[in-house]
Amino acid sequence: MDGQPVTPRGYRSVARNMGLKDGEDDFAAVVSEVPARSAAVFTRSRFAGPSVLLSRTAAARQSSRGMVVLSRNANVATGRAGAAHAEEVRRRVAEIAGVDPEDLVIGSTGVIGRPYPIESIRAGMDELSWPFPEADFDAAAKAIMTTDTHPKCFSVRCGPAVLTGIAKGVGMIEPNMATLLAFFFTDADIPADALDAIFRRVVDRTFNALSIDTDTSTSDTAAVFANGLAGPVDHAGFEAALYACALHLVRMIAADGEGAGKLIEVRVTGARDDAQAKRVGKSVVNSPLVKAAVHGGDPNWGRVAMAVGKLEDETDIEPARVRISFGDLPMHPEEPGDALLARAAAYLSGDEVVIGVDLGIAEGAFTVYGCDLTEGYVKINADYTT
């Protein structure tokens, strides 16, 4: 497998402006020409939008063959009208593509509490016809963006098959299932049950390992579609390919976090188990003080210690056994002198920062991903709807 610009066979797509963005595409649909197997995970938010509710039902069949997404409007907390509009959009696209509405996953992302400009969307859908052009995943990735600064699309090979993933999201990101919007398309032939199990394992190690600002979206949706046109693939090899593709997208998201200047990777080792390592990693990467220190290039390892220490229920974490590092530079408990602190400050000035935390308990390990906290994040979110 590699990152060559290849795409899976048998998919068609369309991207259009439907009046949600000013002059840019805000609608995307990608549909397999043939039936497909699928797996999906969704937000656990109590304010999940109608697109999520519709898609959960469709995903349970494990036979979805594509997606339709509207961006810049979450269509959340919009009452019965919002539910009817989400159902209408999915039904209209399904009719155009000649598939059942429940063959499609629908996503919607953006401002909460505002209804769709439905008349504009209806007019735009009136201009669509099947067959859509051959899939342009880059265009689809661009159309689903909200505050992203660039589209996120990546392809890998898996034996005779190709897997392409697209994703959006740079804010309101603390996944509790998958995250944001992320879709994977492959021509691999893989049984539905195996696809579902693989997808969930990969999501847990990639998208669920990501956090920008601790806020879980009302619209998080991640799905994979496999139409089988390339034939069977080795399951372990497919999982490795999916992991590589998802991790690449996660790193792109973290680096593009709202206002972000640096990608932060927190590697926790020596934990009681992987779950404990994940909790510790999230506590570190979500700390505003840690994020601010990384942004300023300040080698204040005490903030990392604070973020670990505030997990008061983790009673087997003993400060004397904990090791903290920036890159390969040991910070605690070595009591770094001025020369080492200067080297750490230089390291923290880079675009990617690795924070290491070894708990010295057992063999549990987990890596999480995030970004620094800048004035840009405040600016973007202070002015988001105005």
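Colleague: How should I read the accessibility of Glu 258, as buried or exposed?

Modeller: Glu 258 has 6% relative accessibility and therefore counts as buried (under 20% relative accessible area, with exposed over 50% and partly exposed in between, using a 1.4 Å probe and protein chains only). This is a predicted model, in which local features need pLDDT of at least 70 and side-chain atom pairs count only at pLDDT 80 or more, while totals for chains, interfaces and linings use all residues. Residues are numbered from 1 along each chain as its sequence is written, and side-chain values use heavy atoms, without hydrogens or water.

Colleague: Where in the fold is Glu 258 found, and what does UniProt list it for?

Modeller: Glu 258 lies in the loop between α6 (235-255) and β10 (263-271), where helices (H or I, at least four residues) and strands (E, at least two) are DSSP runs numbered from the N terminus. In an unreviewed UniProt entry, Glu 258 is listed under "binding site" together with Thr 146, Lys 168, Thr 179, Asn 381 and Thr 386; the positions follow the numbering used here, feature names are shortened, and annotations may be inferred rather than shown by experiment.

Colleague: At what angle do helices α2 and α3 pack, and which residues make the contact?

Modeller: Helix α2 (residues 79-97) and helix α3 (residues 118-126) pack at about 5 degrees, with their axes 11 Å apart (lines fitted to C-alpha atoms over the stretch in contact, with angles from 0 to 180 degrees between N-to-C directions). The two helices, α2 and α3, are therefore roughly parallel to each other (under 35 degrees; over 145 is roughly antiparallel, 65 to 115 roughly perpendicular and the rest oblique). On the α2 side the contact (heavy atoms within 4.5 Å) is made by His 85, Glu 88, Val 89, Arg 92, Val 93 and Ile 96, and on the α3 side by Ile 118, Ile 121, Arg 122, Met 125 and Asp 126.
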